[in-house]
Structures are given as C-alpha cells and as structure tokens.
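Here are a few exercises to work through with the model open beside you. Try each one before reading its solution.

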Amino acid sequence: MSERTIALVTGANKGIGYEIAAGLGALGWRIGVGARDRRRRDTAVGKLRAAGVDAFGVPLDVTDDASAVAAAELIADHAGGLDVLVNNAAITGGVPQTPTTVDPATVRAVVETNVIGVIRVTNAMLPMLRDSASPRIVNMSSSVGSLTLHTAPGIDMGPVPTAYLASKTFLNALTIQYVKELSETNILINSACPGLTATDLTGFQGVRTPQQGAAIAIRLATLPDNGPTGGFFDDAGTVPW
C-alpha cells in the first residue's frame with residue numbers, strides 16, 4: 001500500500017460526491033474520481049487538480065460488473081491499493097413517484113444503482129480494503145430511508161420518491177449486513193445522511209450546500225481506528241433506523 005491514504009468516491013464528478021472528493025483531497029489524500037461520463041469525470045479531475053488535489057479519474061458505471069472490476073484493477077495499478085470507499089453514486093428515478101403509480105422498471109433501475117451498485121463496487125474493492133491499515137466504507141444514505149422517522153407521530157418526511165426512499169432503507173439494511181459479515185476485520189462501515197442538499201438529484205431544492213452535505217461523509221471517512229461502525233449518522237449525530 002502507498003503511504004498516502006487512497007480513496008475512491010463514486011459519483012464524484014458533481015454535487016456532494018465532488019465535494020467529498022475535494023474535502024478528502026484537501027487532507028493530502030490521493031482521490032479516485034469515480035464517474036461513468038468521461039467528459040464530466042475529466043472536468044472534475046481537472047478542477048480538483050487545479051485546487052491542489054492529487055486526483056485521478058476512475059471510469060466507473062456502478063450498474064456494470066465489468067466496469068467495477070476494471071475500476072478496481074485501475075486503482076490497484078495506478079495507486080497501489082485503496083483505504084477508503086465512499087459509495088455516493090445514486091439516482092432518484094424521477095418524480096412524482098408513489099407506490100400506486102410508480103413503474104416497476106423505475107424501482108428496478110433505482111435499486112440497481114443505489115443498492116446493487118453498492119454491492120458491486122464494494123465487493124470489487126474489498127480485497128484492497130482488507131489490505132489497508134485503516135479501511136473505511138461510507139455508504140451515502142438519507143434520513144428518508146429511516147423507518148423510525150417515517151412512522152413517528154408528527155414527523156412529515158415530505159413527498160419523497162417511493163423507489164428512492166425504499167432504496168435508502170434497503171441500503172441501510174445492507175450496511176448492517178456488511179458490518180456483521182466483516183466484524184472480524186478492521187473495516188469501519190457506516191451510513192451517512194447529508195441532509196436536504198441542493199443538487200441536481202433534488203432538483204436543486206434544499207437548504208444545504210453540497211459542501212455542507214459532504215461534511216458527514218468526510219467525518220466518517222476519517223474516523224479513528226476506535227471509531228464507530230454499523231451506525232447511521234448525520235451532522236447532528238445518530239439517525240434512527
């Protein structure tokens with residue numbers, strides 16, 4: 001492994017993902033910018049490098065098995081290993097979206113990216129993470145995936161797209177399962193909620209900036225070795241499942 005910390009951020013060409021890459025890069029880390037669109041990926045890498053970040057592009061379509069394997073091979077060849085994985089790439093599936101009207105194909109597409117994509121990328125990167133001295137996995141979730149909040153009296157989570165909401169609940173469950181399976185390793189794995197952030201994912205409707213939304217992922221990516229694992233956090237602390 002390199003003496004420098006190496007991180008991969010998926011969906012890092014824009015929004016929260018870009019700001020996570022920028023924040024971790026500002027720490028002196030080497031950052032893999034994971035994105036499927038070449039032009040946007042190259043633009044993001046250029047901006048990060050201009051800001052002094054040691055960034056490199058990682059062609060990555062999280063819905064494609066071969067792409068995830070190729071991305072792992074590129075990181076191994078280019079950086080020598082991986083210490084931190086931030087699973088940030090996600091889609092909403094569009095709006096409006098209710099249980100009685102949503103197209104099942106939309107649900108499949110959202111789950112393919114937001115959940116299966118996390119499995120695909122995590123498993124491809126896991127051999128390198130196992131070799132790291134202080135490995136971290138951060139899954140970008142959302143409080144809209146909290147069943148506790150959705151069923152609490154007096155709390156209105158708003159008109160959240162059904163498929164997106166369910167995918168984040170699914171992702172939280174997946175995070176817990178990874179923690180259980182990898183409990184004998186030193187990998188710290190947590191879910192993060194960025195809050196309602198103004199990005200293209202939300203139609204730029206939100207009270208937080210992408211930089212603010214990235215803060216919790218940066219904190220979880222830089223946890224000390226005795227830090228928490230198997231948790232769900234936002235800037236204020238623990239988010240209920």
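Helices (H or I, at least four residues) and strands (E, at least two) are DSSP runs, numbered from the N terminus. This is a predicted model, in which local features need pLDDT of at least 70 and side-chain atom pairs count only at pLDDT 80 or more, while totals for chains, interfaces and linings use all residues. Residues are numbered from 1 along each chain as its sequence is written, and side-chain values use heavy atoms, with hydrogens and water left out.

**Exercise 1. Describe how H1 packs on H7.**

Start with the geometry: the axes are 8 Å apart and the angle is about 55 degrees. Axes here are lines fitted to C-alpha atoms, for helices over the stretch in contact, and angles run from 0 to 180 degrees between N-to-C directions. H1 and H7 are therefore oblique to each other (under 35 degrees is roughly parallel, over 145 roughly antiparallel, 65 to 115 roughly perpendicular, and the rest oblique).

Next, the hand: H1 and H7 cross in a right-handed way, with the near helix turned clockwise from the far one by less than a right angle.

Now list who touches whom, taking contact as heavy atoms within 4.5 Å. From H1 come Gly-15, Ile-16, Glu-19, Ile-20, Gly-23 and Leu-24, and from H7 Pro-210, Gln-211, Gly-213, Ala-214, Ala-217, Ile-218 and Ala-221. Sorted by class, that's eight nonpolar, four polar and one charged. Ala, Val, Leu, Ile, Met, Phe, Trp, Tyr, Cys and Pro count as nonpolar, Asp, Glu, Lys and Arg as charged, and the others, Gly among them, as polar.

**Exercise 2. Which residues have the most contacts inside the largest nonpolar core?**

A nonpolar core is a set of buried Ala, Val, Leu, Ile, Met, Phe, Trp, Tyr and Cys residues joined through side-chain atoms within 4.5 Å. The largest has 31 residues, and Ile-20 and Leu-24 have the most contacts inside it. Elements giving two or more residues to this core include helix H1 (15-25), strand S2 (30-35) and helix H7 (210-221). Zoom in on Ile-20: beyond its neighbours within four places in sequence, its contacts are Val-9, Val-86, Asn-88, Met-140, Ala-214, Ala-217 and Ile-218.

**Exercise 3. At what angles does H4 pack against H3 and against H6?**

Take H3 (residues 65-79) and H4 (residues 104-130): their axes come within 9 Å and cross at roughly 25 degrees. That makes H3 roughly parallel to H4. The crossing is right-handed. Among the residues in contact are Ala-68 and Ile-75 of H3 and Val-121 and Met-125 of H4. The class count is 10 nonpolar, no polar and two charged.

Then turn to H6 (residues 162-181), which packs on H4 at about 25 degrees with the axes 9 Å apart. H4 and H6 are therefore roughly parallel to each other, and H4 passes H6 in a right-handed crossing. Contact residues include Val-111 and Asn-114 of H4 and Phe-170 and Leu-174 of H6. This time the classes are 12 nonpolar, five polar and one charged.

Methods:
Buried < 20%, exposed > 50% of the residue type's maximum accessible area, 1.4 Å probe, protein only.
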